[in-house]
Amino acid sequence: MKNSLCRFIALSSAGAVFSLGFAYGQAVGNWPIAHSDAGHSGWQKIEPKISKETVPGQFKFLWKMKLGSDTKDASFSEPLLAPRLINAQGFKDIVLWGSADTVYAVDYELEKIVWQKHFDLPASGGGCSTSNLRILVEPPHVINFNARRGPGTLPPAPPPPTPSTSRRLGESAGGGGFGFRGVYVLTGDGYLHEQILSTGADFAPPVKFLPFPPGISNGFNIEGKVLYTATDQGCGSAANGLWAIDLGSSDYPVTSYPTQAVRPLVSMGPTLGDNVVYLTTGSGAVSSAADVFPDSILELTEKELKVKDWYTPAGNEGKLPNSTPVAFTFKQKKLLAAAGSGGRFVLLDSESLGGQDHHTPLFQTPVISKPKSEAWGGMTNWQEADGTSWILASVAGPLKTDVKWAASNDAAQNGSIVAFKVEEQDGKTVLTPAWSSRDLVNPSPPVVANGVVIVLSEGNAKTHARLYVLDADTGKELYTSGDEIATYAKMSGVSVADAHVFFTTHDGTLYSFGIDIEH
């Protein structure tokens, strides 16, 4: 055991970076992908400190740091988190964020930049807007050292080390269970880069992913060795569509699903389920020959991106909002919760998204709110220890007064967070209204940790942002940041781990709130 530890420390000193999650069979407080994971649950399952008991007296503003520059373009961004890392300088708790041309890695305990990587990109033109770099952290490998094998069963053989002459994107440089973790970066020129998490150094030559000019990728997600993004039309030769690149193959094949004149609505990236990809589409013309379905939620195959199924709201009930669905399991059922049309929310069964006619959801709520066309949002799923399952959603318009909530915390004229319990009633899976939050101005998609809900009221050009912590059972306010945030935010996701909460404002300032703890 002592020799193993020495080898571990020696590898760390050589520049490799590891998560202490190895030692416990699970990763501690990582947030590698927008909204926590590939299914966009928004749920931090391992949070040591933030709770209903600690928030009222201990949760506070910690620090802020100016990173990127101000931008007028609305571009989704969310800090990513990789705590409990070891490199040659010792323990590191890193928060990562990408501006339009630079990735920053900040030690959030020491409040200092560990590294930053600048990308020289061509200037935007031809109607292109400037968007933030798309980044995601390679999810940590998990090794359960406490797992017991049957008598006479040998441990699996470790994969051989990758020769330095044949390193390629997505592979472990060290071989075996330990190696470098990477940060994937999709730049506006369509290239996919991988940086070493500990140093920001190039791990491998960049790979061409998108054949388009800058400023057109939306969202970023990963499952296994396949990465996904979507593109918008209206920027030079860019086309609407969903794209996938397979890093498990040496020639990095790229597949796409063109949506023609229909715009993908994937601010946080497509939602990934069990070997499927979910994509929400905007308005446009139906093209059944090309499998293009506007104002729909589509289920596609994971690598070929072929349409398997779809749900389209019946009748002329209005457009689908720019809101990211959440994939989750309830009583062995694979479900999708999503924003429907006309201010409703729907539950969809992964086995048949819209029934035989593609218009019938598993369940649909009444009209909850009056939607705002320019709004964006997302869904969240979390479960209590007793198995009670919850769905939360951000709402950017006033709530209807005829919806009966078990707990209502405000009139909510501007926006709010709404919470539903997922329940079985008369043999059917339904969403039961549980609570609505206080009034919020352009609320971000909520995140959950340890029985509390964390949400950023983004504000606008006339109103500064405010961070709120709510009781996840009732929606009752436990904390507000008051006037601590100097300006407003714009399409800013919130991340949480290791007793810290992070987000950025529109001027590229990274904020940290949470609870001071010793490491």
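The legends below describe a predicted model in a series of close-up views.

Residues are numbered from 1 along each chain as its sequence is written, and side-chain values use heavy atoms, with hydrogens and water left out. Because the model is predicted, local features need pLDDT of at least 70 and side-chain atom pairs count only at pLDDT 80 or more, while totals for chains, interfaces and linings use all residues.

**View 1. The protein as a whole.** The protein has 2 helices and 36 strands; helices (H or I, at least four residues) and strands (E, at least two) are DSSP runs, numbered from the N terminus. Of its 519 residues, 56% are buried, where buried means under 20% relative accessible area, exposed over 50%, and partly exposed in between (1.4 Å probe, protein chains only). The accessible surface comes to about 21,500 Å², and carbon and sulfur atoms account for 51% of this surface; the areas come from the Shrake-Rupley method with a 1.4 Å probe, and for residues only the protein chains shown count as cover. Among contacts (heavy atoms within 4.5 Å) between residues at least 6 apart in sequence, 58% join residues at least 24 apart.

**View 2. Phe59 in the largest nonpolar core.** A nonpolar core is a set of buried Ala, Val, Leu, Ile, Met, Phe, Trp, Tyr and Cys residues joined through side-chain atoms within 4.5 Å. The largest one has 72 residues, and Phe59 and Leu96 have the most contacts inside it. A second, separate core has 21 residues, including Ala337, Leu347, Met379 and Ala393. Leaving aside residues up to four places away in sequence, Phe59 touches Ile50, Thr54, Leu467, Val469, Tyr479, Val501, Phe513, Gly514 and Ile515.

View 3. Phe59, Phe61, Tyr479, Phe503, Tyr511 and Phe513 form one aromatic cluster. Rings of Phe, Tyr and Trp (its six-membered ring) pair if their centres lie within 6.5 Å; planes under 30 degrees apart count as stacked, over 60 as edge-to-face and the rest as tilted. A search of the whole structure finds 15 aromatic pairs. One of them joins Phe503 and Phe513 in a stacked arrangement, with 5.9 Å from centre to centre and 20° between the planes. Phe503 belongs to strand E35 (residues 500-504) and Phe513 to strand E36 (residues 509-514), 10 residues apart. Both Phe503 and Phe513 are buried.

View 4. Strand E21 (residues 326-330) and strand E22 (residues 333-339) run antiparallel and are joined by 5 bridges; two strands pair if DSSP finds at least two bridges between them. Within E22, Leu335 is the bridge partner of Phe328, and Lys333 is that of Phe330. The hairpin has 2 residues between its strands, and Lys331 in the turn has a positive phi of about 50°. In a regular strand the side chains alternate between the two faces of the sheet.

**View 5. The hairpin of E6 and E7.** Strand E6 (residues 102-107) pairs with strand E7 (residues 112-118) in the antiparallel sense over 6 bridges. Ala105 has Trp115 as its bridge partner in E7. There are 4 residues between the strands of this hairpin, and Glu111 takes a positive phi near 60°.

**View 6. The surroundings of Leu320 and Asp295.** Leu320 lies in the loop between strand E19 (307-311) and strand E20 (322-324), and it counts as buried because its relative accessibility is 6%. Leu320 touches Asp295, Ile297, Pro313 and Ala339, among others. Its C-alpha atom is separated by 7.7 Å from that of Gly342, 22 residues apart along the chain. Asp295, in the loop between strand E17 (276-280) and strand E18 (297-301), has a positive phi near 45°. Asp295 is buried too, with a relative accessible area of 17%.

**View 7. Ser444 in its loop.** Ser444 is placed in the loop between strand E29 (428-436) and strand E30 (447-449). Its relative accessibility is 0%, so Ser444 counts as buried. The residues that Ser444 touches include Trp376, Ile417, Glu458 and Val494.
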